[in-house]
Amino acid sequence: DVGTDYNYVGGICSFMEGTLEMTDCQNDADINYTNTIVTNSDDKDKYKTRIGGLIGYAASKSLAVTNCANNGNLNLSTALKYVGGCFGHVKAAVNFSNWTNIKNTGDITWPNTTSHVPYVGGVLGCSDGTGTTGIIKDWHNSGNIYAQATRTSNRNLRTFIGGIAGLANVYTYSYCSNTGDVIAPYLRNTGDVSTWVGLLT
């Protein structure tokens with residue numbers, strides 16, 4: 001995929017909203033992404049692309065996902081904001097108790113370049129919808145995450161990387177596992193430049 005600003009890329013669905021259910025779905029294809037036409041000059045906004053092995057961007061509070069897996073690798077040659085082995089960005093008041101038995105085995109390779117507050121997760125890049133409820137249950141990642149860009153400038157604000165989730169706004173994990181390597185830079189908080197790295201979240 002060769003894209004521009006505000007792209008949604010998913011192995012099954014790029015963008016989901018409304019009342020939807022995804023059951024017994026699997027993606028085995030690699031996703032290779034390059035953004036060669038970045039038109040927004042504001043660094044805070046120009047990396048809004050969402051990429052997920054299953055769903056790039058979920059904006060439906062009625063969405064349910066069960067028994068789904070991504071086995072494709074995510075190869076990124078351009079920095080972007082939201083990347084997940086299964087879900088790039090979930091921005092809705094979902095009930096995560098309806099999202100169960102989800103697996104990622106694909107590797108995620110982050111480019112050696114900069115971005116603005118990226119969220120990278122083995123299953124989920126970022127969930128920040130107001131009113132999100134439930135627990136994250138039976139999510140499993142065995143894919144490796146390689147995010148080896150050097151975090152040395154203010155263009156790399158607050159990097160979040162996790163074996164299951166880069167950042168999630170629910171706080172209970174049940175029967176989850178990560179066996180993939182999380183290879184990422186570590187930078188102590190210097191002004192507004194820092195990284196948060198976890199084997200789960």
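This is a predicted model: local features need pLDDT of at least 70, side-chain atom pairs count only at pLDDT 80 or more; totals for chains, interfaces and linings use all residues.
The chain contains 24 strands and zero helices. Of its 201 residues, 51% count as buried. Contacts across the sequence are a feature of the fold: taking contacts between residues at least 6 apart in sequence, 82% join residues at least 24 apart. The accessible surface of the chain is about 8,500 Å², and carbon and sulfur atoms account for 46% of that area.

In soluble globular proteins, nonpolar side chains tend to be buried together. Here the largest nonpolar core has 25 residues, and the members that touch the most others are Phe87, Phe96, Trp99 and Trp139. Two or more residues of this core come from each of strand S8 (55–58), strand S9 (64–70), strand S12 (87–90), strand S13 (99–104) and strand S17 (136–141). Trp99 shows how such parts of the chain meet: leaving aside residues up to four places away in sequence, Trp99 touches Ala58, Leu63, Ala64, Val65, Phe87, Val90, Val94, Lys137 and Trp139. Another core, of 16 residues, lies apart from the largest one, and its members include Ala79, Leu80, Ile108 and Ala147.

The cysteines remain. A disulfide is a covalent bond between the sulfur atoms of two cysteines. With a cut-off of 2.5 Å between the sulfur atoms, the model has zero disulfides. For Cys13, the closest cysteine sulfur is that of Cys25, and the two sulfurs are too far apart for a bond because the distance is 7.5 Å. Cys13 is partly exposed, at a relative accessible area of 25%, whereas Cys126 is buried, at 1%.

Conventions:
Residues are numbered from 1 along each chain as its sequence is written. Side-chain values use heavy atoms; hydrogens and water are left out. Buried means under 20% relative accessible area, exposed over 50%, partly exposed in between (1.4 Å probe, protein chains only). Helices (H or I, at least four residues) and strands (E, at least two) are DSSP runs, numbered from the N terminus. Contact means heavy atoms within 4.5 Å. Accessible areas come from the Shrake-Rupley method with a 1.4 Å probe; for residues, only the protein chains shown count as cover. A nonpolar core is a set of buried Ala, Val, Leu, Ile, Met, Phe, Trp, Tyr and Cys residues joined through side-chain atoms within 4.5 Å.
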